[in-house]
Amino acid sequence: MISSHRLVIKDAAWQLIGRIISAVFWFVTIKIITPYLWPLQYGDYSTILKYFAIWTALADLWLYVLAVKRLWAIKEQDKDPNNTQLKSEYGKFVGTRLIIMSVVYIVAILVAYFLPAYTSNPHLVRWLPFGMIFSASFMYAWIQQLPLQIFWRMDKLSRSLIVARLSQIAILVPVVFFIFKKMTFDGTTVSIIAFCCIMFSVVASSIGQNIQIHLSSKKILPLKIHFDWKFTKDIIKRNRQYWVSYYLSSFHTLIVLLFLGWFFPTSSWHDYTGVWALSLSLIEILLIIPSSLGNSLLHNISNYSLINKRKSIGNFLLLIFWIGWLIAINFWLFADHIIVLVSWKAFLWTFASLSMRWSNQVLPFLWIVLLWSFIKQVYNYLFVAVDKQNVLLPINLIWVLIGIPLWIRMIPMYGLLGWIVTQLTIEFIFMMGAIRVGKRKKVQPLFSLRIWWKIGILLLLMSIVWYGINYFRTLNLLWFFVIGFVLNGLVIYFSLPMIKKIARGLTVEETDVDSAIVY
């Protein structure tokens with residue numbers, strides 16, 4: 001029989017493998033799209049997706065995490081494959097998702113057509129519905145995958161992510177290289193149709209993902225949707241504070257794109273939105289790492305005692321800290337190479353545009369945002385695990401109310417630089433607020449400070465070596481791959497004993513209160 005920590009790691013590993021392969025194909029899509037659209041129209045493309053992403057965060061309710069926790073508990077109580085309560089609850093969660101997202105997206109599309117920055121742009125106003133369809137399909141696919149999560153079949157989900165990217169590439173290749181090649185986006189009918197095809201490729205990805213997930217999930221747990229109004233109202237009532245808190249802590253990385261779009265519209269030939277969106281997309285695709293492991297861990301520790309939940313989440317924090325720092329250092333040292341790798345030179349800063357901030361200059365600041373976001377996500381899972389998911393609302397509400405005036409003030413005056421300063425400030429406040437609340441409620445993670453310092457020292461030494469190499473030698477793309485591969489490989493090799501120890505501490509036996517790691 002496979003041990004608990006191996007199941008958690010295996011489940012999370014399948015998710016990460018799927019995400020990594022999906023990320024490779026995502027790099028291919030970005031490599032196709034960015035030279036085709038240039039920063040200006042890439043800004044339009046991203047604005048549509050990010051506008052609905054803000055509404056997706058509102059419609060989310062963190063319903064998936066709550067459903068995983070609830071369905072796992074039912075499954076453990078009755079392991080009968082024909083568990084009728086499990087099927088019923090699954091159908092109710094899907095029905096709740098459909099109800100909430102239908103209301104939210106109807107409001108979203110109506111609001112969009114009252115915003116002058118969108119209605120004045122021919123590429124935005126016509127294709128906003130495509131963004132809505134993609135976001136809705138993505139949310140539905142996410143809730144459909146519940147059986148794969150609770151029955152440890154995330155390898156099937158990995159396939160769906162790959163299918164999604166391949167579906168998009170299947171549309172992009174003929175459009176970009178054959179049908180509408182070398183397109184100038186000047187507002188003509190042909191250019192608008194070409195942009196429509198680019199947006200439709202995103203919809204195609206969500207359709208492919210939904211089909212693959214449905215075929216995989218129904219073999220494990222057949223879906224029969226239940227629209228139970230009492231169930232939906234109870235979910236909203238019991239989790240409304242955390243719903244708002246989660247939304248406030250997640251939407252601030254997205255709303256700045258809208259502010260940039262409003263203050264520096266692409267219709268006035270401002271490139272800010274596209275430049276920033278490329279850097280943000282790199283961050284967003286990596287934020288799934290704590291979610292992949294957190295979702296796998298959460299339902300496994302739901303019946304643990306409080307002390308063991310805190311120990312398990314403490315090891316989760318150590319693991320995420322190590323992964324986050326490793327990624328962050330790569331972003332800091334190799335920003336230019338990474339931007340060229342995933343897009344092209346039009347997104348790089350040059351001496352010809354000294355007054356502007358480009359993607360390779362934004363990315364080194366976003367690594368700090370990424371690391372702090374990782375830590376904040378761990379605390380989100382901690383509060384759900386100990387049934388205190390509503391405690392973050394006051395701190396998140398206060399600092400968003402402070403952050404929005406800062407954005408409104410800083411972005412018009414300083415553009416991307418104003419956003420960077422505000423974003424770092426807000427993300428730090430969110431992280432420290434979560435840590436402070438955890439300490440006050442006496443539910444902070446428990447972890448080994450000795451391992452924490454070992455990880456920190458190892459990564460610090462890696463940073464110094466990398467910086468020295470980068471400082472004394474200008475690396476071309478080939479040397480970037482070689483040196484990056486070697487140094488990352490060495491860090492992983494020397495970290496492996498610590499990582500194995502942390503992985504064993506992710507799950508503990510209830511009879512062994514002091515297991516896994518000495519605290």
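Predicted model: local features only at pLDDT ≥ 70, side-chain atom pairs only at ≥ 80, totals over all residues.

Trainee: How many helices and how many strands does the protein have, and what percentage of its residues is buried?

Mentor: The protein has 19 helices and zero strands. A residue counts as buried under 20% relative accessible area. Of the 519 residues, the buried ones make up 59%.

Trainee: Which residues have the most contacts inside the largest nonpolar core?

Mentor: The largest nonpolar core has 155 residues. Those with the most contacts inside it are Y36, L37, Y45, L146, F316 and F331.

Trainee: What does F331 touch, leaving aside its neighbours within four places in sequence?

Mentor: Contact requires heavy atoms within 4.5 Å. With the neighbours within four places set aside, the partners of F331 are L282, I283, L286, I338, L363, P364, W367 and L370.

Trainee: Which residues does the second, separate core include?

Mentor: This core is separate and has five residues. Among them are L148, M154, L157 and I213.

Trainee: How are helices α6 and α9 oriented, parallel or perpendicular?

Mentor: The axes of α6 (residues 128-144) and α9 (residues 189-217) come within 9 Å and cross at roughly 15 degrees. Angles under 35 degrees count as roughly parallel. Therefore α6 is, relative to α9, roughly parallel.

Trainee: Which residue classes make up the contact of α6 with α9?

Mentor: On the α6 side the contact includes F130, I133, F134 and F138. On the α9 side, M199, F200, V202 and I213 are among the residues involved. By class, the residues of this contact are twelve nonpolar, eight polar and no charged.

Trainee: Is the crossing of α14 and α19 left-handed or right-handed, and which residues make the contact?

Mentor: The crossing of α14 and α19 is left-handed. From α14 the contact is made by H337, I338 and L341, and from α19 by L477, F480 and F481.

Trainee: Where is I492 found, and is I492 buried or partly exposed?

Mentor: I492 is found in helix α19.

Trainee: Which residues is I492 in contact with, leaving aside its neighbours within four places in sequence?

Mentor: I492 and W322 are 170 residues apart in sequence, with a C-alpha to C-alpha separation of 9.9 Å. The contacts of I492 beyond those neighbours are W322 and L326.

Trainee: Where does K182 lie, and is K182 buried or exposed?

Mentor: K182 is not a glycine, yet has a positive phi of about 50 degrees. K182 is found in the loop between α8 (154-179) and α9. Exposed means over 50%, so at 81% relative accessibility K182 counts as exposed.

Trainee: What is the relative accessible area of K442?

Mentor: K442 lies in the loop between α17 (416-440) and α18 (449-472). Phi of K442 is positive, near 60 degrees, in a residue other than glycine. K442 is exposed, with a relative accessible area of 63%.

Notes: Residues numbered from 1 in each chain as written. Heavy atoms only, no water. Core = buried A, V, L, I, M, F, W, Y, C linked by side-chain atoms within 4.5 Å. Buried < 20%, exposed > 50% of the residue type's maximum accessible area, 1.4 Å probe, protein only. Axes fitted to C-alpha atoms, helices over the stretch in contact; angles between N-to-C directions. Helix = DSSP H or I, 4+ residues; strand = E, 2+ residues; numbered from the N terminus. Parallel < 35°, antiparallel > 145°, perpendicular 65-115°, else oblique. Nonpolar A, V, L, I, M, F, W, Y, C, P; charged D, E, K, R; others polar. Left-handed = near helix turned anticlockwise from the far one by under 90°.
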